[in-house]
Amino acid sequence: MDGRKKMIKWLLTGIALFVTLFHLIPFYIMITTSLKANNDFSSKWLMPETYKLSNFIEAWEKADLGTAFINTFIITASTAVLLVLLGSMAAYPLARMFTKLNKFVYFLFISIMVIPPLTALVPLYKMVVDIGMMNTHEIAVLNNLAAFLPLTIFLYAGFIRSTIPKELEEAARMDGAGTLVVFFRVIFPLLKPVTASILIISCVFIWNDYQFAIFFLQSKEVQTLTVALASFFGQNQSNLNLVASAALMSMLPMTILFLFLQKYFVAGLSSGSVKG
Amino acid sequence: MNEVVKEASRPIAKSKVKRAPRLKNKSLWWMYIPALIVVSVFILYPFLNGIRVSFTDWNGFSQTKNWIGLEQYKRMFQDPATWLVVKNTLLYGIGSTLFQNIIGLLYALLLNQSIRLKSLTRTIVYLPVIISPLVMGYIWYFFFAYNGGALNDALNLFGLDKVNALGNPDINPWIIVFVNTYQFVGIAMIIYLAGLQSISKEYYEAAEIDGASAFQQFKNITMPLLMPAITINVVLNIIGGLKLFDVIIALTGGGPGNASQSMSTFMYDLYFSRQDAGYAATQGVLMAFIILILSLFALVYFKRKEIDV
């Protein structure tokens with residue numbers, strides 16, 4: 001019996017090893033491709049005999065990844081800050097004051113979560129052109145902000161309702177503090193766990209966003225990583241090695257962050273999905 | 001943190017004599033006005049306006065558009081492309097959901113055992129979740145590409161013919177399902193793993209005493225108690241799959257022809273390549289409708305199967 005159990009355990013470990021290796025295949029292929037010269041026709045499954053590290057420099061310069069990294073960072077960071085600020089503030093009255101108006105507004109935010117953002121694309125695009133906001137960081141920030149506000153409000157409101165005792169606010173108000181002071185001094189610091197989740201969810205999705213970016217950030221100065229990569233792919237279909245180098249560099253920061261903060265990523269991303 | 005909360009709230013609970021001054025503005029609506037404006041201007045207004053545009057022949061850039069009633073809807077239902085695209089979208093939505101849940105559950109069952117490599121496997125399976133779907137599409141492109149792809153390299157090694165996987169309309173929608181499943185199976189796995197770990201061991205011990213087989217235990221204990229996790233995963237995966245865009249752009253661009261187009265990429269194509277904004281808006285309305293119906297259906301269906309413990 002004991003021997004059989006041991007065998008099953010080894011079998012399962014073998015399966016886990018197989019699963020791991022299988023999931024690593026595409027990354028491995030990307031790495032071998034990125035390290036080879038364009039005229040190196042050796043098997044993609046083998047590492048190159050001579051490493052062509054200049055691929056990375058060439059891809060970085062040609063795809064203008066430096067600019068793209070900065071743009072992506074600016075857009076992601078500003079959206080995240082605004083999201084936390086506007087989202088938590090909006091959630092507070094919706095979680096606390098159950099007036100008819102607030103109930104309706106909360107329902108409105110929740111219903112908007114169901115609308116696939118792309119279905120509003122046609123009129124949105126026209127509107128953005130008309131107000132002259134094409135190719136600006138601001139429009140990317142506003143679009144992403146709008147897309148993530150309903151989920152953010154939903155998560156904050158749920159947390160405030162279930163974990164923040166009302167007595168806390170009353171005490172502060174008795175001392176004569178105004179609503180904003182009560183909110184930012186007393187409530188907001190207690191929202192840290194949800195804030196962390198919201199920051200992780202929104203940063204991952206906004207950093208990776210392509211659907212909005214491709215429509216509104218077409219000029220080179222404002223393009224994000226995904227847009228830069230897509231146009232680089234279009235120009236270099238005959239040199240996949242360069243594309244692979246660019247793809248590898250573009251996924252590196254998020255991957256490193258994930259490997260170090262894995263626990264928080266998994267918890268944050270699944271708390272968003274579970275409730276969303 | 002709970003300690004702090006308790007600490008701070010204790011004295012107030014005792015002194016009920018003094019009451020907090022009542023708020024004048026009971027809705028505190030000014031606090032959600034900024035969020036409401038952003039969401040209204042960038043989602044609600046364009047969405048409602050899109051419904052209006054779907055009744056016009058607008059080309060996307062001219063200042064004039066004609067009201068043509070239900071013409072675009074008639075056109076949509078008679079357009080064979082619509083049905084192909086809806087079929088693909090359903091394949092992406094339902095196909096990915098099926099695979100992600102079955103494989104995700106199998107992975108979770110595997111990693112719920114006490115085996116080596118557990119945390120490594122979990123990390124690697126989950127990793128693609130945080131990578132851009134567009135980049136993930138390109139990464140798999142290096143594998144599937146007809147010229148210079150790793151798949152054909154391997155087939156060549158075994159003396160088999162090259163396959164044009166991404167250019168074959170019979171195969172490429174399935175490759176898109178595969179890549180989407182590969183990328184997001186980690187989410188399903190994690191949710192199932194959490195679900196499995198929350199099931200009390202006592203149920204299994206009791207079943208063991210009653211002589212229930214492993215399969216009976218799975219069917220009568222594990223599955224019913226996993227229903228909440230299944231609901232979440234199914235709804236999540238359906239919505240994600242139906243909205244698929246980036247992976248398709250990276251792998252096939254929707255081609256050949258419209259063969260692998262989803263409703264999202266089709267809309268993009270109609271609007272930007274074919275200057276057919278009115279029709280694109282009509283397709284958008286259909287897409288919103290399909291997503292809404294399917295996710296509501298999934299939610300209600302699986303909710304009814306949940307049991308309370």
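## Overall fold

Chain A of this predicted model has 13 helices and 0 strands, where helices (H or I, at least four residues) and strands (E, at least two) are DSSP runs numbered from the N terminus. The radius of gyration of chain A, taken over C-alpha atoms, is 24 Å, well over the 19 Å that the globule rule gives for 276 residues, so chain A is more spread out than a compact globule. That rule is 2.2 Å times the number of residues to the power 0.38. The C-alpha trace of chain A spans about 75 × 70 × 35 Å along its principal axes.

## Burial and contacts

In chain A, 56% of the 276 residues count as buried, meaning under 20% relative accessible area with a 1.4 Å probe, protein chains only. Contact means heavy atoms within 4.5 Å; of the contacts in chain A between residues at least 6 apart in sequence, 71% join residues at least 24 apart.

## A helix in chain B

Let's turn to helix α7 of chain B, residues 150–157, where Ala150(B), Asn152(B), Ala154(B) and Leu155(B) are buried. Their cover includes α1 (2–34) of chain A and α6 (133–144) of chain B. Just after α7(B) comes Gly159(B), with a positive phi of about 70°.

## Conventions

Residues are numbered from 1 along each chain as its sequence is written, and chains are lettered from A and ligands numbered from 1 in the order in which they are written. Local features need pLDDT of at least 70, side-chain atom pairs count only at pLDDT 80 or more, and totals for chains, interfaces and linings use all residues, while side-chain values use heavy atoms, leaving out hydrogens and water.

Note on methods:
Buried means under 20% relative accessible area, exposed over 50%, partly exposed in between (1.4 Å probe, protein chains only).
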